[in-house]
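Let's take a guided look at a protein and its ligand. Have the sequence and the 3D view open, and follow along one part at a time.

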Amino acid sequence: MNQFETKYRSTGLPFVTLKLAQTLDGNIATCTGDSKWITSKASRVRGHQLRAEADAILVGRGTVMADDPELSVRYVNGCSPTKIVLDSQLKIGLNAKIFSGAPLIIATAEEVCKKQIKERKKKGAQIWQLPILNGQINLKAVLQKAAQMGLQYILIEGGSRVAASALRLGLVDRIAAFVAPKILGAGIPAIGSLDIVSITDAIALENVKVESIDDDFLFTARVKKSSKNG
Ligand SMILES: NC(=O)c1ccc[n+]([C@@H]2O[C@H](COP(=O)([O-])OP(=O)(O)OC[C@H]3O[C@@H](n4cnc5c(N)ncnc54)[C@H](OP(=O)(O)O)[C@@H]3O)[C@@H](O)[C@H]2O)c1
């Protein structure tokens with residue numbers, strides 16, 4: 001059994017890698033939301049390799065509305081995984097690129113309007129209506145449902161708020177952070193607020209590996225499950 005299957009069988013949840021493409025000072029976009037491109041082409045090719053290994057890619061509405069990404073595998077051989085988007089009020093427009101290509105799942109709230117659901121289903125999307133937790137879609141419920149569908153390995157690609165939600169709930173197993181030698185100052189942080197005030201409460205990482213890719217670094221590490229998040 002590989003690590004994805006072990007996690008899936010023992011917890012009923014998929015194995016989760018959180019992927020970030022960030023500047024040296026920890027930003028994933030400028031203060032206006034511009035993020036193209038922080039890392040080098042070679043890092044982006046490597047990012048597509050990570051995509052090709054996953055059963056699904058998960059992002060938030062903010063990322064889709066800022067970047068209009070395809071979320072497909074293009075730079076390497078391999079299948080494009082299923083896409084899962086968190087959009088509690090179905091605000092993403094029907095012309096967004098995510099509606100083409102690999103299967104799309106939109107996780108939304110229980111009380112959204114039937115007409116909006118119908119329009120998105122007509123575009124081929126699957127709609128999951130799920131409970132709200134602290135004003136947002138319950139991410140654990142999304143992952144549980146994904147696991148029930150046989151999606152054993154999920155790559156979370158952001159943005160800042162989704163990364164924070166996943167870490168807060170202890171749902172992340174591994175971080176893959178591409179770090180570019182760029183500085184943006186006050187931009188969009190790689191990970192939104194975790195309300196951590198003491199260093200002793202920091203989420204600890206272990207099994208750290210650092211790889212050099214052009215002028216970037218790829219930093220991979222496991223989230224220590226003994227730390228307070230999990
Ligand atoms: N460089 C990189 O690696 C990278 C990767 C991705 C994105 N980005 C950048 O990040 C920015 C977007 O980040 P963001 O923080 O604004 O948006 P985000 O994290 O992509 O999406 C956040 C939105 O998702 C919805 N959502 C529903 N359930 C959620 C949950 N449980 N947890 C968190 N969000 C949930 C909420 O909108 P509703 O309330 O409407 O549902 C929330 O406002 C863009 O500028 C993009 O370019 C950079």
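## Charged pairs

Searching the whole structure turns up ten salt bridges. Keep in mind that you're looking at a predicted model. The idea behind these pairs is simple: side chains with opposite charges can pair when their charged atoms come close.

Start with K7 and D173, a salt bridge whose closest N and O atoms are 2.8 Å apart. This pair connects distant parts of the chain: K7 belongs to helix α1 (residues 3-11), while D173 is in the loop between α6 and β10, 166 residues away. Are these two buried or exposed? K7 counts as buried because its relative accessibility is 14%, under the 20% cut-off.

K225 has a relative accessibility of 35%, so it counts as partly exposed.

## Another link across the chain

Now find E157 and R51. They form a salt bridge too, with the closest N and O atoms 2.7 Å apart. E157 lies in the loop between β9 and α6, and R51 is part of helix α2 (residues 41-53), so the pair ties together parts that are 106 residues apart in sequence.

## A covered strand

Next, pick out β1. It is mostly covered, with eight of its nine residues buried. Which strands does β1 pair with? One is strand β9 (residues 153-156), which runs parallel to β1 and pairs with it over four bridges. Within that pairing, T17 has L155 in β9 as its bridge partner.

Another is strand β10 (residues 174-180), also paired with β1 in the parallel sense, over seven bridges. To see this pairing for yourself, look for Q22, which stands opposite V179 in β10.

## Around the ligand

Time to visit the ligand. There are 25 residues around it, and R61, T63, S88, I137 and S165 come nearest. The shell has nine nonpolar, eleven polar and five charged residues. Which elements supply at least two residues each? They are β1 (15-23), β2 (27-29), α3 (61-67), β8 (136-137) and α6 (160-168). The biggest contribution comes from α3, which gives five residues.

You can pick out some individual contacts with oxygen atoms of the ligand. R61 has a polar side-chain atom 2.5 Å from an oxygen atom of the ligand. For T63, a polar side-chain atom is 2.6 Å from a ligand oxygen. S160 uses its backbone instead: one of its backbone N or O atoms lies 3.2 Å from an oxygen atom of the ligand. How much of the ligand does the protein bury? On its own, the ligand exposes 920 Å², and the protein buries 91% of that.

Definitions and conventions. Residues are numbered from 1 along each chain as its sequence is written. This is a predicted model: local features need pLDDT of at least 70, side-chain atom pairs count only at pLDDT 80 or more; totals for chains, interfaces and linings use all residues. Side-chain values use heavy atoms; hydrogens and water are left out. A residue is near a molecule or strand if one of its heavy atoms lies within 4 Å of it. A polar contact is a pair of N or O atoms within 3.5 Å; within protein, one must be able to donate a hydrogen and the other to accept it, and residues adjacent in sequence count only if both atoms are side-chain atoms. Accessible areas come from the Shrake-Rupley method with a 1.4 Å probe; for residues, only the protein chains shown count as cover. Ala, Val, Leu, Ile, Met, Phe, Trp, Tyr, Cys and Pro count as nonpolar, Asp, Glu, Lys and Arg as charged, and the others, Gly among them, as polar. Buried means under 20% relative accessible area, exposed over 50%, partly exposed in between (1.4 Å probe, protein chains only). Two strands pair if DSSP finds at least two bridges between them. A salt bridge is a side-chain nitrogen of Lys or Arg within 4 Å of a carboxyl oxygen of Asp or Glu.
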